[in-house]
Structures are given as C-alpha cells and as structure tokens.
Amino acid sequence: MGISDRFRSPGIDPTAVIGRRIIAWLLDNLFMAIVVLLVHRGDVAFNSDDGLSINPSVIWTVTVLMVLNHVALTMTTGFSVGKAVTGLRVVRRIDGGLPGFRGAASRTLPWVIPVPFIPIIEAGMMLASRGHRRLGDRLAGTVVVDRGWIGDNPFIFLDTKKIQATGWKPRLTI
C-alpha cells in the first residue's frame, strides 16, 4: 500500500491538515517579511514627532505581496508559497477544482480586516468546524486538502443524496 493509497482509504479526512496549514501560514508571513526587508533594507520604520512610524511604502509592498501570494498564485495553482512547501492545495468544495479569482480573493478577505483577534477566530474555526474550514474558506466555498487529493473530489462534507437527485456530475481536474 503506497502513501497515496493510505490517504485515499475510507475514513481518512483529506482536510485534516491543520498543523501543516499553520506552518504554511507562518512560512507565507516569513516569505513576505524577508522580501520586505530585502526591498526596503532597514527603511521599514522611522522616528517622527508622534513616535515610531511605519514607512508607507512598506504597507504597499506587503499589500502587493499578499495579493500576489494569496490571490494570484492561489487562483492559478491552488496554493500559496507556504502551502506549496507543506504539500497543501486549496480546492473548491463543490468539485475539487481550482478556486479561481473569487474563491482566492474571498479566502484572503478576513486577513485584510484590521481586527487583532481574527487569527484566533480563524484558528478556532479550523479546530472546531467540520471540514476544518476557517472563515475565509466558508466565504470562498473552498477546503484545504493534502496535495495527494489533487483532482479528487472532497465530497465528504456534501449531501450526496441531494446532488444525485439533481443529476449533477462533478468535474474532476488533474
């Protein structure tokens, strides 16, 4: 029995990748921090009359990096830099395909809301929800699965009787 056969065994949850998701998030942030430090070479903050201030160009750099990594890369490949390193992929919940622009942008939306406790809410939702879906996944209609499930349909969370009654057939992409 190979590793891909083990992942596809009955009873295995393809979304049970919480530890790797957290590592991927940390790697994504580390990647952005390294790029910011290389681009701005220590000119990240400066002293002003009001105290320490952040260079406005740093905010633009982080915004561009976040859009490129979390939206553009995810919509075209299904993963960010961190997810690629940890072997994860973002797929649409309904058919297992790439999330597209709407899905990738919706997944990123909670991270750009300036609320300090969003990471705590997101982590709690991943731990407690069926399918280990955070708020961004719910908005986008996506799940995060192991790369071994690429092209397969994560139908474990859908009402298959309703789907069969409609005659809808999933589109599997490889």
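The model is predicted, with local features requiring pLDDT of at least 70 and side-chain atom pairs counting only at pLDDT 80 or more, whereas totals for chains, interfaces and linings use all residues. Residues are numbered from 1 along each chain as its sequence is written, and side-chain values use heavy atoms, with hydrogens and water left out.

**Exercise 1. State how many helices and strands the protein has, and give their order.**

Solution. Begin with the assignment: helices are DSSP runs of H or I with at least four residues, strands are runs of E with at least two, and both are numbered from the N terminus. On that basis the protein has eight helices and four strands, and from the N terminus on the order reads α-α-β-β-α-α-β-α-α-α-β-α. Next take burial, where buried means under 20% relative accessible area, exposed over 50%, and partly exposed in between, with a 1.4 Å probe and protein chains only; of the 174 residues, 36% count as buried. Finally take contacts, which mean heavy atoms within 4.5 Å: among those between residues at least 6 apart in sequence, 64% join residues at least 24 apart.

**Exercise 2. Describe how α2 and α3 pack, and list the residues that make the contact.**

Solution. Two packed helices are described by the angle between their axes and the distance between the axes. The axes are lines fitted to C-alpha atoms, for helices over the stretch in contact, and angles run from 0 to 180 degrees between N-to-C directions. Helix α2 (residues 18-40) and helix α3 (residues 56-77) pack at about 140 degrees, and their axes are 10 Å apart. That angle makes α2 oblique to α3, given that angles under 35 degrees count as roughly parallel, over 145 as roughly antiparallel, 65 to 115 as roughly perpendicular and the rest as oblique. The crossing of α2 and α3 is right-handed, a term for a near helix turned clockwise from the far one by less than a right angle, with anticlockwise giving left-handed.

For the residues, α2 contributes Asp 28, Phe 31, Met 32, Val 35, Val 36 and His 40, while α3 contributes Ser 57, Val 58, Thr 61, Val 62, Leu 65, Met 66, Asn 69 and His 70. By class, this contact of α2 with α3 has eight nonpolar, five polar and one charged, where Ala, Val, Leu, Ile, Met, Phe, Trp, Tyr, Cys and Pro are nonpolar, Asp, Glu, Lys and Arg are charged, and the others, Gly among them, are polar.

**Exercise 3. Identify the residues of the largest nonpolar core and the element that gives the most to it.**

Solution. A nonpolar core is a set of buried Ala, Val, Leu, Ile, Met, Phe, Trp, Tyr and Cys residues joined through side-chain atoms within 4.5 Å. The largest one has five residues in all, namely Met 32, Val 36, Val 58, Leu 65 and Met 66. The elements giving two or more residues to this core are α2 and α3, and α3 gives the most, with three residues. As for the surroundings of Val 58, residues up to four places away in sequence are not counted, and it touches Val 36, His 40, Asp 43 and Val 44.

**Exercise 4. Determine how α3 and α5 are oriented to each other, and which residues meet.**

Solution. The axes of α3 and helix α5 (residues 100-112) come within 8 Å and cross at roughly 150 degrees, and the two helices are therefore roughly antiparallel to each other. The crossing of α3 with α5 is right-handed. From α3, Met 66, His 70, Val 71, Thr 74 and Met 75 meet Gly 100, Phe 101, Ala 104, Ala 105, Thr 108, Trp 111 and Val 112 of α5. The contact of α3 with α5 has eight nonpolar, four polar and no charged residues.

**Exercise 5. Decide whether His 70 and Leu 52 are buried or exposed.**

Solution. His 70 lies in helix α3 and counts as buried, at 14% relative accessibility. Not counting residues up to four places away in sequence, His 70 touches Asp 28, Met 32, Ser 80, Ala 104 and Thr 108. Leu 52 is placed in strand β2 (residues 51-54) and is exposed, with a relative accessible area of 66%.

**Exercise 6. Locate His 132 and give its phi.**

Solution. His 132 is found in the loop between α6 (118-128) and α7 (135-140). Most residues other than glycine have a negative phi. His 132, although not a glycine, has a positive phi of about 55 degrees, and it is buried, with a relative accessible area of 15%.
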